[in-house]
Amino acid sequence: MSIIQIVVLIFLSILIAWLLHLLTRKVGGQKKEKPEKPTAPREGKIHPCPICGTLLKSHEKVHSVVYPGENDRLVEVFGCPYCYPANDDYPRTCPVCKEIIPPDGFLIGRMFYSGEKPHMHINGCTRCRKRH
Ligand SMILES: [Zn+2]
Ligand SMILES: [Zn+2]
């Protein structure tokens, strides 16, 4: 190997090292431009389940059946995704008689509109409503 070849080799290796340095800097620069963090899904109004009291997000709906009517409608409330179907982790209690609602039981209430907003009034569960 001649001296010129060695010099050329050294020069090339420096060039490659420099290029690599540029490349890694470029990658580092790209890393700095962090992709925008996915914004946490906006949680809507949190409302408690009338049966088990679990705080529900807006997309977690309480399973209920509303019977057709003009203003005063009969509503049967079965529970939220946590307490319906009935399970041991989320005891279903009636807000009226404070007793455990049987697995096939549900709350009976009335829904009426006061202005624009619907209001729900729980009259009781299948247990305590039967006594009346
Ligand atoms: Zn519930
Ligand atoms: Zn009850």
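Strand S5 (residues 107-114) and strand S6 run antiparallel and are joined by eight bridges. Strands here are DSSP runs of E at least two residues long, numbered from the N terminus, just as helices are runs of H or I with at least four residues. Two strands count as paired if DSSP finds at least two bridges between them. You're looking at a predicted model, where local features need pLDDT of at least 70 and side-chain atom pairs count only at pLDDT 80 or more, while totals for chains, interfaces and linings use all residues. Residues are numbered from 1 along each chain as its sequence is written, and chains are lettered from A and ligands numbered from 1 in the order in which they are written.

**The whole sheet**
- Four strands make up an open sheet in the order S3-S4-S5-S6, and the pairing is antiparallel.
- At the edges sit strand S3 (63-66) and strand S6 (117-125), each of which pairs on one side only.
- From one strand to the next, the twist averages 30 degrees, with axes being lines fitted to C-alpha atoms (for helices, over the stretch in contact) and angles running from 0 to 180 degrees between N-to-C directions.

**S3 with S4**
- Four bridges hold the antiparallel pair of S3 and strand S4 (residues 73-79).
- His63 has Gly79 in S4 as its bridge partner.
- This pair forms a hairpin, with six residues between S3 and S4.

**S4 with S5**
- S4 pairs with S5 over five bridges, again antiparallel.
- Look for Val77, which stands opposite Leu107 in S5.

- Phe112 has His119 in S6 as its bridge partner.
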